[in-house]
Amino acid sequence: MWWLWGAAAASSIAGLLLIAEDVRNEGSALQGDFLDVLRLGVYWAWGWAVWKSARNVERPLWTPLARAGVLAGLALMFLI
């Protein structure tokens, strides 16, 4: 069921990213940093659900692909 929350997680992550940048441009770096930490928390929660349930698939090929995608997304979250 983790994939059902993927769109909601992506939307909230994108929204938090845009709001954090807007807040930073207005001069409040601390609030922007807080929103970035919140964004990482949302991704971490979704990624944890993916990681835990990735083995619950019919084809074993999807387990490493799902986990590699989560790790790549986490690296991207830290780069942005």
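Me: Exposed means over 50% relative accessible area, buried means under 20%, and partly exposed lies in between. The model is predicted. Which exposed residues does the face of helix 1 turned away from its buried side carry?

Reply: Start with the buried residues of helix 1, which are Gly-6, Ala-9, Ile-13, Leu-16, Ala-20 and Val-23. Seen down the helix axis, they fall within an arc of 125 degrees, so they line one face of helix 1. The face turned away from that buried side carries the exposed residues Ala-7, Ser-11, Leu-18 and Asn-25.

Me: Which helices do the buried residues of helix 1 pack against?

Reply: Gly-6, Ala-9, Ile-13, Leu-16, Ala-20 and Val-23 are the buried residues of helix 1. Their packing partners are helix 2 and helix 3 (62-79).

Me: How far apart are the end C-alpha atoms of helix 1?

Reply: Helix 1 covers residues 6-25, which is 20 residues. At 1.5 Å a residue it should span 28 Å. The model agrees with this, as the end C-alpha atoms of helix 1 are 29 Å apart.

Me: Which residue with a positive phi follows helix 1?

Reply: Helix 1 runs over residues 6-25. The residue that follows helix 1 with a positive phi, near 105 degrees, is Gly-27.

Me: What is the N to O distance in the salt bridge of Asp-33 and Arg-24?

Reply: Asp-33 is partly exposed, as its relative accessible area is 40%. Its side chain meets that of Arg-24 in a salt bridge, N to O, at 3.2 Å.

Me: Which residues do salt bridges that share partners join into one network?

Reply: The count of salt bridges comes to 4. One of them is between the side chains of Arg-39 and Asp-36, at 3.4 Å, N to O. Both of these residues are buried, and both lie in helix 2, 3 residues apart, about one turn of the helix. Salt bridges that share partners join into one network Glu-21, Arg-24, Asp-33, Asp-36 and Arg-39.

Me: What is the angle between the planes of the aromatic pair of Tyr-43 and Trp-46?

Reply: The structure holds 1 aromatic pair. Tyr-43 and Trp-46 are 3 residues apart in helix 2 (residues 29-53), so about one helical turn separates them. Tyr-43 is buried, because its relative accessible area is 8%. The pair is tilted: the rings lie 5.9 Å centre to centre and the angle between the planes is 55 degrees.

Me: Which residue has its charged end over the ring of Trp-51?

Reply: The charged end in question sits 4.6 Å from the centre of the Trp-51 ring. It belongs to Arg-67.

Me: How far apart are the C-alpha atoms of Trp-48 and Val-70?

Reply: Trp-48 has its place in helix 2. With a relative accessible area of 49%, Trp-48 is partly exposed; the cut-off for exposed is over 50%. Trp-48 and Val-70 are 22 residues apart along the chain, and their C-alpha atoms are separated by 8.7 Å.

Definitions and conventions
Residues numbered from 1 in each chain as written. Predicted model: local features only at pLDDT ≥ 70, side-chain atom pairs only at ≥ 80, totals over all residues. Heavy atoms only, no water. Phe/Tyr/Trp six-rings, centres within 6.5 Å; stacked < 30°, edge-to-face > 60°. Helix = DSSP H or I, 4+ residues; strand = E, 2+ residues; numbered from the N terminus. Buried < 20%, exposed > 50% of the residue type's maximum accessible area, 1.4 Å probe, protein only. Lys NZ or Arg CZ within 6 Å of the ring centre and 35° of its normal. Expected span 1.5 Å × (residues − 1). Arc of directions from axis to C-beta. Contact = heavy atoms within 4.5 Å.
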